[in-house]
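Hi,

Here is the structure I promised to pass on.

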Amino acid sequence: MKSDIRVCRTHEHDRPVYTLSDTCPFCGERTENSAPAPFSPDDRVGEYRRALKRRRRS
Ligand SMILES: [Zn+2]
């Protein structure tokens, strides 16, 4: 299941600010997903699916 927890991308806070919103509740800056893309299970599944597609085509 995809995590909806996001974190403020600025370094203006003493500690990471986690939120479910697209913007930081404290500084208003954009937030990004707290899980880095390379470690996202969604990405791994997508990569696997693309590999399967390539294999089937050839
Ligand atoms: Zn912030």
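**What turned up**

Aspartate 22 is partly exposed, with 41% relative accessible area (buried is under 20%, exposed over 50%, partly exposed in between, using a 1.4 Å probe and protein chains only). Before I go on, a word on the source: this is a predicted model, where local features need pLDDT of at least 70, side-chain atom pairs count only at pLDDT 80 or more, and totals for chains, interfaces and linings use all residues. Residues are numbered from 1 along each chain as its sequence is written, and side-chain values use heavy atoms, with hydrogens and water left out.

Back to aspartate 22: its salt-bridge partner is arginine 6, and the closest N and O atoms are 3.5 Å apart. (A salt bridge here is a side-chain nitrogen of Lys or Arg within 4 Å of a carboxyl oxygen of Asp or Glu.) Arginine 6 sits in strand E1 and aspartate 22 in the loop between E2 and E3, so this pair ties together parts 16 residues apart in sequence. Strands are DSSP runs of at least two residues, numbered from the N terminus. Arginine 6 itself counts as buried, at 18% relative accessibility.

The whole structure has two salt bridges. In the other one, arginine 9 meets glutamate 29 at 3.4 Å, N to O. Arginine 9 is in the loop between E1 and E2 and glutamate 29 in the loop between E2 and E3, so parts 20 residues apart in sequence are tied together. Both ends are partly exposed: arginine 9 has a relative accessible area of 47%, and glutamate 29 comes in at 28%.

Now the metal. The zinc ion is held by Cys8 (SG), His13 (NE2), Cys24 (SG) and Cys27 (SG), at 2.0 to 2.3 Å; donors are N, O and S atoms within 2.8 Å of the metal (3.2 Å for Na, K and Ca), and water is not among the atoms, so sites may look incomplete. The site is tetrahedral, with angles of 104 to 117 degrees among the four donor atoms (four donors qualify if all angles lie between 85 and 135 degrees). Along the chain, the donors are spaced C-x4-H-x10-C-x2-C.

As for the sheet, three strands make an open, antiparallel one in the order E2-E1-E3, where pairing takes at least two DSSP bridges between two strands. E2 and E3 are at the edges with a single partner strand each, so one side of each has no neighbour in the sheet. E1 and E3 pair over three bridges, and cysteine 8 stands opposite threonine 31 in E3.

Cheers

Methods:
Four donors count as tetrahedral if all angles lie between 85 and 135 degrees; four count as square planar and six as octahedral if opposite donors are over 155 degrees apart and all others between 65 and 115; anything else is irregular. Helices (H or I, at least four residues) and strands (E, at least two) are DSSP runs, numbered from the N terminus.
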